[in-house]
Amino acid sequence: MSEYWLISAPGDKTCQQTWETMNNLTSKQNNLCENFKFHIPDLKVGTLDQLVGLSDDLGKLDAYVEQSTRKIASYLGDVLEDQRDKLYENLQANNNDLTTYITRFQWDLAKYPTKQSLRNIADIISKQVGQIDADLKTKSAAYNNLKGNLQNLEKKQTGSLLTRNLADLVKREHFILDSEYLTTLLVIVPKQMINDWNVNYEKITDMIVPRSSQMITQDNDYALCTVTLFKKVVDEFKLHARERKFVVREFTYNEEELAAGKNEITKLVTDKKKQFVSFVLVNVVILN
């Protein structure tokens with residue numbers, strides 16, 4: 001983005017003469033820059049004492065507005081994530097890109113009536129920026145909360161079989177369902193011990209269904225296996241399996257809950273996109 005300066009030039013008889021003199025010296029003759037008129041209406045300046053009294057407050061207000069605007073740009077960059085390189089084109093003011101807004105600036109008489117004193121106009125700006133700053137905090141907090149929840153769910157969809165969500169790995173046919181006496185457990189077996197599991201899982205406790213184990217999947221370190229046994233020996237099986245370094249994952253196959261989990265991720269993705277749009281609108285408003 002180009003660098004822009006706001007210049008107050010010594011006055012000639014008219015503003016147009018001042019403009020032509022400056023533009024001729026800096027642009028036409030020496031090609032130092034490209035100049036644009038920055039239109040500011042005649043404001044109610046008041047007395048010198050009033051200006052002096054207002055000068056410190058205007059300096060603080062200027063710093064406050066700049067801080068809020070930079071905060072918006074920073075937050076928007078975070079929201080864009082892997083599209084951060086498109087930050088500049090997403091920063092707009094009055095539905096214009098920033099270059100157009102600056103080079104064709106028009107005073108908003110509806111928001112900042114020139115009949116008001118400079119003190120009143122400064123107060124209006126301060127209140128508006130304060131409200132926008134508060135709205136931005138609310139929007140960014142909601143967005144960050146959604147983003148965190150989504151990241152936590154996404155982490156559970158990947159990673160080690162010891163910790164990841166197993167819902168997208170298992171199928172109905174892997175389980176004995178609706179049995180009064182039997183149940184199916186999911187067991188995480190270290191890959192170097194898979195032969196030990198296949199040979200000995202039926203001996204870990206009594207009342208294990210022979211040849212009931214099947215390997216569903218594996219990653220670099222572990223295999224996910226099933227075993228079917230009588231419900232009455234589940235606790236005993238978990239205890240002895242742990243002694244052999246086999247980890248029983250707590251999992252209940254319920255199609256409604258599994259579908260709800262998948263829908264939750266979809267909903268969070270959708271809500272995150274909605275928050276992004278809302279976040280962008282806040283950015284547009286504050287730059288108006």
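N95 lies in the loop between β1 and β2. Good morning, and let us start from that residue. The structure is a predicted model, in which local features need pLDDT of at least 70 and side-chain atom pairs count only at pLDDT 80 or more, while totals for chains, interfaces and linings use all residues. Residues are numbered from 1 along each chain as its sequence is written, and side-chain values use heavy atoms, with hydrogens and water left out. The element names come from DSSP runs numbered from the N terminus: helices are H or I runs of at least four residues, and strands are E runs of at least two.

The phi angle of N95 is positive, near 65°, although N95 is not a glycine. Is N95 buried or exposed? Its relative accessibility is 65%, so N95 counts as exposed. For these words, buried means under 20% relative accessible area, exposed means over 50%, and partly exposed is in between, with a 1.4 Å probe and protein chains only. N94 is found in the loop between β1 (92-93) and β2 (96-97). N94 has a positive phi near 55° and is likewise a residue other than glycine. With 38% relative accessibility, N94 is partly exposed.

Let us turn to helix α7, residues 234-243. Its buried residues include V234, F237, K238 and A241. Which elements cover the buried residues? Among them are β3 (182-190), α6, β5 (222-230) and β6 (247-249), where contact means heavy atoms within 4.5 Å. After α7 comes K245, with a positive phi near 70°.

One of the covering elements, helix α6, spans residues 194-200 and contains N200. N200 has a relative accessible area of 17% and is therefore buried. The side chains of N200 and D196 are joined by a polar contact of 2.4 Å. A polar contact is a pair of N or O atoms within 3.5 Å; within protein, one must be able to donate a hydrogen and the other to accept it, and residues adjacent in sequence count only if both atoms are side-chain atoms.

The next topic is aromatic rings. Rings of Phe, Tyr and Trp (its six-membered ring) pair if their centres lie within 6.5 Å; planes under 30 degrees apart count as stacked, over 60 as edge-to-face, and the rest as tilted. How many aromatic pairs are there by this rule? The count is eight. One of them is the stacked pair of F38 and F105, at 4.4 Å centre to centre with 5° between the planes. F38 lies in the loop between α1 (15-29) and α2 (48-80), and F105 in the loop between α4 (98-103) and α5 (118-156), so the pair ties together parts that are 67 residues apart in sequence. F38 is partly exposed at 33% relative accessibility, whereas F105 is buried at 12%. The rings of W197 and Y201 are also stacked, because their centres are 5.2 Å apart and their planes lie at 20°. W197 is buried at 0% relative accessibility, and Y201 is buried at 4%. Ring pairs link W197 and Y201 with F237 and F246 into a cluster.
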